[in-house]
Amino acid sequence: MSTHPALPKRPFPWMSVVGTAITAVILIWSVQGTKFNLWVLADGLPNVLRFFKGMLPPWPMDFVTGQLIPPMVETIRIALAASMLGAALALPVAFMASSTVAPNKWVYQITRNLLNLVRTIPDLVLAALLASAFGIGAFPGFLALLVFSFGVVAKLLADTVETIDRGPMDAIATTGATRILQARHGVFPQIAPEFIAYTLYAFEINVRAATVLGLVGAGGVGVLLKTQIAFLNYTNVGIITAVTFAVVMLIDTLSSTIRRRLV
Amino acid sequence: MSDVSTGVAAKAATLVSFKNTSVTYPNGFTALTDVNLEFHEGEFIVVVGLSGAGKSTLIRTINRLVPPTGGDVNVLGTPIRNISDANLRKTRRRIGMIFQNYNLVRRSSVLANVLTGRLGDLPTWRALLGLYTKSDTDLAIKCLTRVGILDKAYNRADQLSGGQQQRVAIARALAQQPRILLADEPVASLDPPTAHQVMRDLKALSREEGLLTIVNLHFVDMAMEYADRVIGLHAGTVVYDGPGADMTEADFERIYQRKIRPDDMRGAAEH
């Protein structure tokens, strides 16, 4: 045991030392930027507690039924419409953005790049832009989420189409059917479950997004949330948060259960 | 056409004629060199040769899955080398094709798969919506009855055995109401008894419907057993063209460039 040969001299770990130092500097610099302060944290704590107390029943039911339910329903309708129509628009584009079905590499490249571009636009920024163009309300929110759903579903679906079995498409091509019909009858049946699953996935994200869209004036429950925060009405803010949380959870659970059964 | 051995075909119409046809792939590989052949209505033709001899290319040139790069092929009265897309689709409607891997839409029902054979003849809007007419469905049912699997019409294609899936593929091709049936290694994925069953089905169809049928096979004994006429290919040229029964040892060796071996036979002895 004690007679093993000596290890060679350990080289000084420059990389780790320098790396740790750089990380530490970046961390300190960035936290300073957030104006982090323990005293401010402590001062705000009672507000947070009041907010959580507001979440607890008894709730002022006239606020819930009169003011909360209608925009909540509007939020869900925005999310539903945006995901379904966005997905419908995404379907043909997904075919064009996959090398298996695209008629040539130009169509493929152009649609791919277009989809990448669409997905780089943050939905809140888009919603704010659209709200300033089309006025405040549900419509700009719907448009923003439509673009978002379109981007997500088209990208995911295009990647799925890349992995399909080309055989049925070839077989249908030899019957004299056009490329669109090959995609419709040879490819679509192969990806239909994924298509529905991605639409549901977009819907889940849209419900969450639609609740905050109101903050930039784009309709839904977020508008109410914004005014209640502005009036420092923490009880109502608490109720809105609790109900939103419950609705999002419910939809997420339902939707992901269906998705798991599909694929 | 002067071939006396194919008595039936001699008077029958010429459906496919290769005229000095050559095929060179984009990668530079020459698969067919100066092929001259005529195929007639009702003929049952088996193409044999080693892998890479050009069997698949020969078949796929007929429906232009592979375009000829030299000479031309006349298919159902149309030269196909410089054919327009629209005319190609029109020509393809009357050419059924079956594949080694069946190429069915696995998640779709058997009936839905057979109906895709009708797409070429439907107006675009109907085809897009999948609104087949009553006569399309009737025809699909007839085709499924013809191959003996009508009872599986509403099963998903992937629930069927290999032999049954190949029969669905045959029904799909029949639903096109074709004049030519191409079969690219149709029995290569099947066990010997099933392989023989599929070959018997193809042969019977050819007889009864007057279909020109061209089948690629790897196995010489099967070729001899079923073919009216055997085409032997070696390195992209036709080295044998005649009745299967007349093939001699020397003909085999010209096609395979070696003595015949047991693994060139599918064999009836295995079952």
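Start with two helices in chain A. This is a predicted model, so keep that in mind throughout. In α5(A), the residues A:D123, A:L126, A:A127, A:L130, A:A131 and A:F134 make contacts. Their partners in α6(A) are A:F139, A:P140, A:G141, A:L143, A:A144, A:L145, A:V147 and A:F148. What kinds of residue are these, by class? The contact of α5(A) with α6(A) has 12 nonpolar, 1 polar and 1 charged residues.

Now look at how the two helices sit. Helix α5 of chain A covers residues 123-134, and helix α6 of chain A covers residues 138-162. Their axes come within 8 Å and cross at roughly 140°. Angles count as roughly antiparallel only over 145 degrees. That is why α5(A) is oblique to α6(A). The crossing of α5(A) past α6(A) is right-handed.

Step back to chain A as a whole. How many helices and strands does chain A have? The count is 10 helices and 0 strands. Read from the N terminus, the elements go α-α-α-α-α-α-α-α-α-α. Chain A has a radius of gyration of 26 Å, well over the 18 Å that the globule rule gives for 263 residues, so chain A is more spread out than a compact globule. Its C-alpha trace spans about 85 × 75 × 40 Å along the principal axes.

Next, chain B. Chain B has 10 helices and 10 strands. Along the principal axes, the C-alpha atoms of chain B fill a box of roughly 55 × 45 × 40 Å.

Let's go inside chain B. Find the open sheet of 4 strands, in the order β2-β1-β4-β5. The pairing is antiparallel. Which strands are at the edges? They are β2 (30-40) and β5 (78-79) of chain B, and each pairs on one side only.

Walk across the sheet with me. Take B:F18 as an example: its bridge partner in β4(B) is B:V73. Helix α2 of chain B, residues 55-62, touches β1, β2 and β4 of chain B. The direction of α2 makes about 125° with that of β1(B). Back on the strands, B:S22 stands opposite B:G70 in β4(B).

On to the last pair. β4(B) and β5(B) run antiparallel, joined by 2 bridges. B:N74 stands opposite B:P79 in β5(B). β4(B) and β5(B) form a hairpin with 2 residues between them. Check B:L76 in that turn: it has a positive phi of about 50°.

Finally, where do the chains touch? The contact takes 17 residues from chain A and 21 residues from chain B. On the chain A side, the elements that give two or more residues are α7 (167-173) and α8 (179-213) of chain A. The largest share of that side, 7 residues, comes from α8(A). By class, the side of chain A that touches chain B has 7 nonpolar, 8 polar and 2 charged residues.

Definitions and conventions. Residues numbered from 1 in each chain as written. Chains lettered and ligands numbered in written order. Predicted model: local features only at pLDDT ≥ 70, side-chain atom pairs only at ≥ 80, totals over all residues. Axes fitted to C-alpha atoms, helices over the stretch in contact; angles between N-to-C directions. Parallel < 35°, antiparallel > 145°, perpendicular 65-115°, else oblique. Left-handed = near helix turned anticlockwise from the far one by under 90°. Contact = placed C-beta atoms within 7 Å. Nonpolar A, V, L, I, M, F, W, Y, C, P; charged D, E, K, R; others polar. Pairing = 2+ DSSP bridges. Rg over C-alpha atoms; globule rule 2.2 N^0.38 Å.
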